[in-house]
Amino acid sequence: MITVLSPRIHNLGDFSHCLPTLSGFVKKYGKVSFGICPRLKRFKGIEDMLMYQGLFTDVWFYGDKDFSLPYMAIDDSGSDEGNTGESLVSRRFYNFTKSHYGVDFEFDPDFTLQVPNIITCSDTAHVVGDRWSPSDAPDVDDRRKSNLIKASGVIDNLDTYYLDYADGLVYNLSIIKQNPNPFITTFTGIGILADLMKKETYVLWDEDMRFWNGGTVEDDYRLHYWTNRNSKLMYIRDFKV
């Protein structure tokens with residue numbers, strides 16, 4: 001059995017881009033044991049979410065157990081070459097793995113994040129995944145606004161259900177999946193997971209994201225979202241359901 005390690009990447013959205021690559025790898029070589037960054041522990045239920053994908057024999061946090069050869073470390077520092085519409089970061093995981101290890105397998109463009117149907121909310125409510133605050137997670141990047149959507153007031157006239165991240169990923173993703181309305185979110189990890197589920201999603205942005213890390217908001221959106229799925233980038237002041 002092969003062990004795959006992702007010891008460095010600790011943001012939920014950045015990390016989740018590895019899954020289409022791992023899906024393609026597992027289709028060729030079989031399930032793997034997966035060690036992930038211990039800082040991902042702050043995302044309640046991440047092990048359960050990953051195990052539900054059917055890709056892993058087990059999921060554990062790097063440093064919590066010993067592992068033996070053979071192992072493969074994955075990273076998002078590959079090139080964008082060969083992109084066919086997937087998020088650029090997803091392609092970078094694949095190209096890193098191919099170039100660094102020389103293994104023969106295909107990227108899985110059809111990968112869809114799987115979650116169980118365990119919970120629903122009102123069919124009239126619009127599910128909202130806002131960006132959590134430093135009080136929710138002390139290491140949140142405070143260069144970007146927290147609770148952006150709620151503070152903006154742009155959806156105060158809607159029947160809404162704001163996700164509580166303390167409820168855990170599988171619970172919240174089940175709500176997103178089963179609700180018939182488009183999911184409303186911003187630049188935060190839960191939106192990238194919704195995109196991987198092929199859920200219709202609005203990704204709202206405000207002035208804190210107009211220029212980010214040397215690029216435009218459109219550049220950042222292209223890094224993290226697929227062009228051939230169901231998400232849409234929208235300036236928050238222009239948003240209407």
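**Helix, sheet and core**

Q: What does α2 lie across, and how is α2 directed relative to β2?
A: In this predicted model, α2 lies across β1 (3-6), β2, β3 and β4 and runs at about 160° to β2, where axes are lines fitted to C-alpha atoms, for helices over the stretch in contact (heavy atoms within 4.5 Å), and angles run from 0 to 180 degrees between N-to-C directions. Helices (H or I, at least four residues) and strands (E, at least two) are DSSP runs, numbered from the N terminus.

Q: Why are β3 and β4 (71-73) said to stand at the edges?
A: The four strands form an open sheet in the order β3-β2-β1-β4, with parallel pairing; β3 and β4 each have a single partner strand, so one side of each is left without a neighbour in the sheet.

Q: What makes β2 and β3 a pair?
A: Two strands pair if DSSP finds at least two bridges between them, and β2 and β3 have five, in the parallel sense. V32 stands opposite F56 in β3.

Q: Which residues touch the most other members of the largest nonpolar core?
A: They are F34, I46, L50 and L173, in a core of 50 residues, a nonpolar core being a set of buried (under 20% relative accessible area, 1.4 Å probe, protein chains only) Ala, Val, Leu, Ile, Met, Phe, Trp, Tyr and Cys residues joined through side-chain atoms within 4.5 Å. The largest share of this core, five residues, comes from α6.

Residues are numbered from 1 along each chain as its sequence is written. Local features need pLDDT of at least 70, side-chain atom pairs count only at pLDDT 80 or more, totals for chains, interfaces and linings use all residues, and side-chain values use heavy atoms, with hydrogens and water left out.
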